[in-house]
Amino acid sequence: MDAGSVDNFIAEQENKATLQKTQRDVKLLQTFLGTRNELRKVEEIPALELNEYICEFIISVRTKDGKDYKPSSLRRSLFASFERHLKKNSYSARTMNDLVFEKRRKALLQKQKELKKKEKGNRPNASIALTSDEFNTLYEKGLLNTRNPEALLNTLCRVKQHYAFWAQRLTRT
């Protein structure tokens, strides 16, 4: 079996949706580069220059309808696509962890903080913990107790949520 056969096998096994997403995201970056009069392909730009372009991209990128991306979409989606594309094209550096791309990582972190302040987080409708008074009210109405199966399940779910919120607060401080 020759190297070409192995490459063909690997290409056939790759997830088609991931390939399409990567192509769309790289095209978005390539379009941005065009607005900066940069005509080279992403993988042809030296790491230091690419780092600067990506920093500008982070600050200005929007969805097709002009809205901000969700904070995790920038990191998990767009930059994972860029990393896949560059790796596939044997790029000399990794945008996720090479020192030359430290400024990109800092710009992304600050952009994510800014978006979270604007309530563009990934869980804008996240539930909030019940207060002690709310728990007492649910007990008084019989919705939380250990006497019937449905109320027992409600009780277990609420207690689990309470501890999950408590643990989440501990990890954030």
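Me: How exposed is Arg-36, and what is its relative accessible area?
Reply: This is a predicted model, in which local features need pLDDT of at least 70, side-chain atom pairs count only at pLDDT 80 or more, and totals for chains, interfaces and linings use all residues. Residues are numbered from 1 along each chain as its sequence is written, and side-chain values use heavy atoms, with hydrogens and water left out. Buried means under 20% relative accessible area, exposed over 50%, and partly exposed in between (1.4 Å probe, protein chains only). Arg-36 counts as partly exposed, since its relative accessible area is 34%.

Me: Which residue forms a salt bridge with Arg-36?
Reply: A salt bridge is a side-chain nitrogen of Lys or Arg within 4 Å of a carboxyl oxygen of Asp or Glu. For Arg-36, the closest N and O atoms of the pair are 2.7 Å apart, and the partner is Glu-56.

Me: Is Glu-38 buried or exposed?
Reply: The side chain of Glu-38 meets that of Arg-40 in a salt bridge, with 2.7 Å from N to O. With a relative accessible area of 7%, Glu-38 is buried.

Me: How many salt bridges does a search of the whole structure find?
Reply: Over the whole structure, the number of salt bridges found by the search is nine.
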